[in-house]
Amino acid sequence: MANQSTKPRTKVRVKTERPRLHKVILVNDDFTPREFVVTVLKSEFRMNEDQAYNVMITAHKRGVCVVAVYTKDVAETKATRGTEAGRSKGYPLLFTTEPEE
Ligand code: TYC
């Protein structure tokens with residue numbers, strides 16, 4: 001068969017790329033009570049008291065703190081729910097998201 005050796009081959013991709021992860025970021029403000037921030041972190045982000053306190057105090061001191069990374073949809077849902085929890089009590093608590101490098 002003349003064409004056999006020149007037949008193009010399809011390369012099989014062996015590795016599957018993982019979906020890009022997105023960071024949820026806690027933003028400091030001057031009004032939301034510390035204890036309320038800790039409560040939201042525990043309820044929305046499955047943190048224990050120590051983890052939640054450390055994230056809250058880091059945002060308080062530095063302005064922002066990365067809370068966790070998730071797929072895009074989950075990160076956006078959790079950020080919205082956290083922000084809404086503050087809003088429902090009249091606090092300007094803010095969670096944002098951004099893609100990981
Ligand atoms: N800075 C707030 C206070 O002193 C506490 C706080 C911490 C608020 C972190 C928001 O993301 C935040 N009451």
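Visitor: Is R46 buried or exposed?
Guide: This is a predicted model. Exposed means over 50% relative accessible area. R46 has 77%, so R46 is exposed.

Visitor: Where is R46 placed?
Guide: R46 lies in the loop between α1 and α2 (49-62). Look at its backbone too. Its phi is positive, about 50°, although R46 is not a glycine.

Visitor: Now helix α3. How far apart are its end C-alpha atoms?
Guide: Start with what to expect. The helix has 16 residues, 72-87, and at 1.5 Å a residue it should span 22 Å. The end C-alpha atoms are 22 Å apart, which agrees.

Visitor: Which residues of α3 are buried?
Guide: Buried means under 20% relative accessible area. In α3 these are A75, K78, A79, G82, T83 and G86. Seen down the axis of α3, they fall within an arc of 130°, so they line one face of the helix. On the other side of α3, D73 and R87 are exposed.

Visitor: What do the buried residues of α3 pack against?
Guide: They pack against β1 (21-27), α1 (34-45), β2 (64-71) and β3 (94-99).

Visitor: How are two packed helices described?
Guide: By the angle between their axes and the distance between the axes. For α1 and α3, the angle is about 145° and the axes are 10 Å apart. Their crossing is right-handed.

Visitor: Which residues make that contact?
Guide: From α1 come F36, V40, E44 and F45. From α3 come K78, R81, G82, A85 and G86. By type, the contact has 4 nonpolar, 2 polar and 3 charged residues.

Conventions:
Residues are numbered from 1 along each chain as its sequence is written. This is a predicted model: local features need pLDDT of at least 70, side-chain atom pairs count only at pLDDT 80 or more; totals for chains, interfaces and linings use all residues. Side-chain values use heavy atoms; hydrogens and water are left out. Helices (H or I, at least four residues) and strands (E, at least two) are DSSP runs, numbered from the N terminus. The expected span of a helix is 1.5 Å times one less than its number of residues. Buried means under 20% relative accessible area, exposed over 50%, partly exposed in between (1.4 Å probe, protein chains only). The arc is that of the directions from the helix axis to the C-beta atoms. Contact means heavy atoms within 4.5 Å. Axes are lines fitted to C-alpha atoms, for helices over the stretch in contact, and angles run from 0 to 180 degrees between N-to-C directions. A crossing is left-handed if the near helix is turned anticlockwise from the far one by less than a right angle, and right-handed if clockwise. Ala, Val, Leu, Ile, Met, Phe, Trp, Tyr, Cys and Pro count as nonpolar, Asp, Glu, Lys and Arg as charged, and the others, Gly among them, as polar.
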